[in-house]
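Student: I am new to this structure. Can you show me how to read its features, one at a time?

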Amino acid sequence: MFRIVRYFLFMMPAETAHYVTLNVLSFALKIPLLSHFIRALYRNPSPHPVTFAGIRFPNRAGLAAGFDKNARYLHVMKALGFGHVEIGTVTPKPQPGNDKPRLFRLIEDEAIINRMGFNNDGVEVIRERLKNRPGGLIVGGNIGKNKITPNELAVEDYKTCFSELYMYVDYFTVNVSSPNTPGLRELQDKGPLTAILTALLELRAGFVKNGMPKLPVLLKIAPDLEPGQLDDIVALTKETGIDGIVATNTTISREGLKTDEHTVARIGAGGLSGKPVLERSTEVLKYLNMKFEGKMPLIGVGGIHSQADAMQKLENGAGLLQLYTGFIYEGPGLVKKIS
Ligand SMILES: Cc1cc2nc3c(=O)[nH]c(=O)nc-3n(C[C@H](O)[C@H](O)[C@H](O)COP(=O)(O)O)c2cc1C
């Protein structure tokens, strides 16, 4: 059934298909009988709740950042069986992102290249939307900086998003690893990253002092980091006391693709996700798990298209899993299998 739906969706430009699907599902969930049917179809009769970074998650399957950037479809994602959704990347001010087209399917590779560029409604609008978030779903706030903010001032953008969202999310992910905001990945270097994480943990201490819960702060990293850079991340994680790592974001590599190189060249810049990123992403996860001696909460994301891929992530240290591209290619059935 999903294969037939996918056939028609893949005839549309990728970004159009994304919103058509979400709006149709959102509408369908307003019709009682249809809503009942959809929920029953994707409900896991024997879910496996899991505690991760001190939070109880309904199951291990999460929706990776970038899919519901503006927290508009949380009810849809809950109905499709996700235990958590990472919203964002959220920036302080709204921004349109890069020019279209900016989202491309590589069907032969079961992959996507995107250069969305943090298109989002901005933290204030998203915060208001989160006031009506559905219960029983964990929501993570993935935060970043605006394109026009220079790296020297990036810490202020992260602080703004953190403070504005603190009362409305369950955990935070600090995104310094998207390839589509110029210079963002430089924030993965030890100096700037320490400054950002320390500032956020100071803010958190203030919230806790005022009786708020201590929300976990995770760091999302790129799969393209060298072992030396990963060692820096490990050291810095221990020094600052952040609560976990999301491994990984999309890659800038184009190695080993089946899609012909002219097509890939024509698409141009952007982050590659899906099957081709599985191996590298899992390698990073495995390396981190080894360095942390299995003691650090790690979210495995990158190239999960099957139960076997999910198992591989769990065996290499992931406590939770997130999907994006696999969800596009395999549909919500994959969520049920993993949850
Ligand atoms: C279209 C698109 C947009 C994305 N936007 C974001 C984003 O805003 N923030 C972020 O941290 N990751 C973003 N990602 C990365 C995903 O969250 C995920 O880390 C990556 O795609 C690897 O997982 P996958 O192979 O399952 O897709 C995006 C990915 C795609 C395909």
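Student: How many bridges join strand β10 to β12?

Tutor: Three, and the two strands run parallel. This is a predicted model. V246 has I299 of β12 as its bridge partner.

Student: What covers the faces of strand β12?

Tutor: Start with the general idea. Side chains in a regular strand alternate between the two faces of the sheet. Now take β12, residues 298–301. L298 and G300 lie on one side, I299 and V301 on the other. All four are buried, and both faces are covered.

Student: Which helix belongs with β12 and β13 in a β-α-β unit?

Tutor: Helix α11, residues 307–315. The unit is right-handed.

Student: Where do these strands sit in the whole sheet?

Tutor: They belong to a closed barrel of eight strands with parallel pairing, in the order β3-β4-β7-β8-β9-β10-β12-β13. On average, neighbouring strands are turned by 25° against each other, direction ignored. β3 and β13 run parallel and share three bridges. There, G62 stands opposite Q322.

Student: Why does the length of helix α8 agree with its residue count?

Tutor: Helix α8 has 14 residues, 227–240, so at 1.5 Å a residue it should span 20 Å. Its end C-alpha atoms are 20 Å apart, which agrees. Just after α8, G241 takes a positive phi of about 85°.

Student: How many residues surround the ligand?

Tutor: There are 28, and the closest are A64, G66, S273, Y324 and T325. Elements giving two or more residues to this shell include β4 and α12. By class, eleven are nonpolar, 15 polar and two charged.

Conventions. Residues are numbered from 1 along each chain as its sequence is written. This is a predicted model: local features need pLDDT of at least 70, side-chain atom pairs count only at pLDDT 80 or more; totals for chains, interfaces and linings use all residues. A residue is near a molecule or strand if its C-beta atom, placed from the backbone, lies within 6 Å of it. Ala, Val, Leu, Ile, Met, Phe, Trp, Tyr, Cys and Pro count as nonpolar, Asp, Glu, Lys and Arg as charged, and the others, Gly among them, as polar. Two strands pair if DSSP finds at least two bridges between them. Axes are lines fitted to C-alpha atoms, for helices over the stretch in contact, and angles run from 0 to 180 degrees between N-to-C directions. The expected span of a helix is 1.5 Å times one less than its number of residues. A residue is buried if 20 or more other C-beta atoms lie within 10 Å of its own, exposed if 12 or fewer, and partly exposed in between; C-beta atoms are placed from the backbone. A crossover is right-handed if, with the strands pointing away from the viewer, the path from the first strand over the helix to the second runs clockwise.
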